[in-house]
Amino acid sequence: MRARRGIAAAASASALAAVLAIAAPAHGKASAATQRDPLPKRAVVATARGTVAVYKQLGARRPFLHYQERNGVGQPRVFLVAERRPGWEKIYLPKRPDGSTGWVRDRSVTLTYDPYGVVVSLARHSVTVYDNGRRLLTTKAGVGRSITSTPKGTYFLVMLLKQPDPNGVYGPYAFGTSAFSNTLYHFGGGPGEIGLHGTDDPQGLGTNVSHGCIRVPNTVIQRLARLLPLGTPVRIG
Amino acid sequence: MFHDKRIALAVLGVTTVAAAAAVPAFAKNPHGSSGGNSSNAQQHVTICHATPPDTAANGYVRISPSASGVYHGHYREHAADIIPPFTYDGKTYSLNWDATGQAIWNNGCVVPATTTTATTTTTTTTTSSGSGSSSGSSSGSSGGVASATETKSGVKAVTHRARPARAKTGAASFTG
């Protein structure tokens, strides 16, 4: 109970800090500012309309990357928007190195807003989900061990897979994120992509237990699978 | 008789003015039909019906169904519709009634060329390499995220809410 209260208090404190960070004028060093940056109440999600050309710089002539309209499992290709300019959107890219960004033209994507945000605290072993800036839920989480740590940064959900065996290691559902492990470049046939999923080991929740993925209770991942759109921001810190 | 009529008209006028004052400015309908707040199921509410209903990719159509129709046919079914606050069955509902939605509603359900929201909140989107930065910022970075409520001049308006993901069945191969 105390632990829950502690998590709730910490979440409230961070939410308050987030509000204060919004209210505060944007000055100071960029690194300090970005570390305190809260997730917005409504993030902007870009969904591909056909093949999307990605440019390194705003207004660049030639793209350096293309993404297909659908992701590897046939779901819509989405990106989290980092910054907006007339005719252009700066997006986070689901690729290594973590935190990669690029620019896409407005006309190549459809824009929607997403009121949800997921904040992962590695120190507190918790996952908090916000809806329009308000805390929706906080739950215990299992995160990466020291040698296979979960990478910090700003990411987003890229896919949702219903697992053939709901009692398996990933639980009933697994979200793929745009984050990649910094230590595992291949894992289980995949490229070391960080997932947000359920678990068959509830005892491991609240500890450093995983190869980098974020594990939450199966009841929670079932709820999130019904709730969260692809593109939802995930802040790991 | 004539005197009674004048009194009745005066009372009606006062009532109309009082009712107009009670309705929030954003709920007033500039397009003539009865719209905005509705106190019972028989009254009509002017809404912007999205086409198609879940994305409004083809824009909006202005219609004025009954409050009951708005609640059952639009509020509960059409995620992208713009519905001003209205009362049905003792409760008040609205949908997508933010600054952008209000701008579209006030513009006759036509998306304005540029939309400026009343929100003055600014979210810092500073990145290590500044605007026009290239890809490949370092691992572990904690960058900004654009806010849909902050609409700069010239950027495309974001009016529609993202839908929950549809899961595909398949074995995951994440780091576990």
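Predicted model: local features only at pLDDT ≥ 70, side-chain atom pairs only at ≥ 80, totals over all residues.

Now zoom in on A:Ser121. Which residue is its bridge partner in E9(A)? Pick A:Ser126 and you've found it. Follow the chain through the hairpin of E8(A) and E9(A), where four residues sit between the strands. Stop at A:His125, which takes a positive phi near 55 degrees.

Next, colour strand E9, residues 126–131 of chain A. Is this strand mostly covered or mostly open? It's mostly covered, with five of its six residues buried.

Click A:Val129, and opposite, in E10(A), you'll see A:Leu137. E9(A) and E10(A) form a hairpin as well, this time with two residues between them. In that turn, A:Asn132 has a positive phi of about 60 degrees.

As a reminder, strands of a sheet pair through backbone hydrogen bonds, either parallel or antiparallel.

Last stop: an open sheet in chain A. Select its five strands in the order E6-E5-E4-E1-E7, and note the antiparallel pairing. The edges are strand E6 (101–105) and strand E7 (109–114) of chain A, each pairing on one side only. From one strand to the next, the twist averages 45 degrees. To finish, show strand E5 (88–92) of chain A, which five bridges join to E6(A). There, A:Trp88 stands opposite A:Arg105 in E6(A).

Technical notes. Residues numbered from 1 in each chain as written. Chains lettered and ligands numbered in written order. Heavy atoms only, no water. Pairing = 2+ DSSP bridges. Axes fitted to C-alpha atoms, helices over the stretch in contact; angles between N-to-C directions. Buried < 20%, exposed > 50% of the residue type's maximum accessible area, 1.4 Å probe, protein only.
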